[in-house]
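Here is a short tour of some strand pairings, written to be read with the model open beside you. Please load the sequence and structure, and let's walk through them together.

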Amino acid sequence: MATYIIGDLQGCFDPLVKLLEDIHYDPNGDTLWFAGDIVNRGPQSLECLRFVKSVVESGHGKMVLGNHDFHLLAAYAGLAKYRSKSDTLEAILDAEEVDELIDWLRRQPLMVKHDFFPAVMVHAGIPPQWSIHEALEHSRAVEAQLQSDDWQEYIRHHLFGSEPREWQDTLSGWDRIRYIVNAFARMRYCSAQGKLEFKQKMSPQAQKSDQSPKRYLPWFAHPNRRNKDFEIFFGHWSTLGAVDAYNIHATDTGCLWGGLLTAYCLETHKRHTIECDAARQPKPSKE
């Protein structure tokens, strides 16, 4: 029996099947955790969503919502302004069971905690000023909104946007909810006070020193981070690559872009990877 944390699928189902074959996945004994971004941009979003749903419903899996999963919820809710030519969501939206799939997806958490190990999983990260207990409370606040009867209204009018960028305990209402979603689903860099920086997507090593954002570090690199006592698994940051340091584990190793698909075994602390054919070509980096 093993627990595998799997990085962003983004609609790449065939590589997932091969990876599960390589690790000799036992659906009756092993547990799969999916770090979000199950769908979009890859060619098999519907197959990925159906598979992850079946695993979670079997009791042998968990997932967290990523920014592309929120994107699917927004598309279903009719928020057309955020649709993109690179989206590959039509097969889901046209599926006979689309209502069932979306109703299930909106009930998934933003953060999960292991029952025995001091380990949690989110899609993007946890701001340095939040403890694990506080982060779980914040995730539940968003989950309550997504699971309410008027969730589509919430998605259409309150979810999307990049403000506020800085956390304050006094944040309230939709400003508070929006910051929480952005932190869990979009964050890469932030300040020690949790001010989010969305423009920088490259790894710290790939940036020129004169282009590094002032006062911003990767969210996990702040020395006074209050959530160091748990291992934190996350995806989202494909340019970061495989990182196992700072008591964090980065699992998005660029499957969509022709990199690797990763399954990290929690019990053995071993990474299992397969090489993937590129489903998309990355945009050229800006000089």
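How many bridges join S12 to strand S13? There are six, and the two strands run antiparallel. Keep in mind as you look around that this is a predicted model.

**Strand S12 and its partners**
- S12 covers residues 260-265 and is mostly covered, with five of its six residues buried.
- S13 spans residues 270-275, and its Ile 274 stands opposite Leu 261.
- Strand S1, made of residues 3-6, also pairs with S12, here over three bridges and again in the antiparallel sense.
- Within that S1 pairing, Ile 5 has Tyr 264 of S12 as its bridge partner.

**The turn between S12 and S13**
- Four residues separate S12 from S13, and the two strands form a hairpin.

**The S7-S6-S8 sheet**
- Three strands, in the order S7-S6-S8, form an open sheet with antiparallel pairing.
- Its edge strands are S7 (196-197) and S8 (217-218), each of which pairs on one side only.
- S6, residues 189-190, pairs with S7 over two bridges in the antiparallel sense.
- Across that S6 and S7 pairing, Tyr 189 stands opposite Glu 197 of S7.

Terms used: Residues are numbered from 1 along each chain as its sequence is written. This is a predicted model: local features need pLDDT of at least 70, side-chain atom pairs count only at pLDDT 80 or more; totals for chains, interfaces and linings use all residues. Side-chain values use heavy atoms; hydrogens and water are left out. Buried means under 20% relative accessible area, exposed over 50%, partly exposed in between (1.4 Å probe, protein chains only). Two strands pair if DSSP finds at least two bridges between them.
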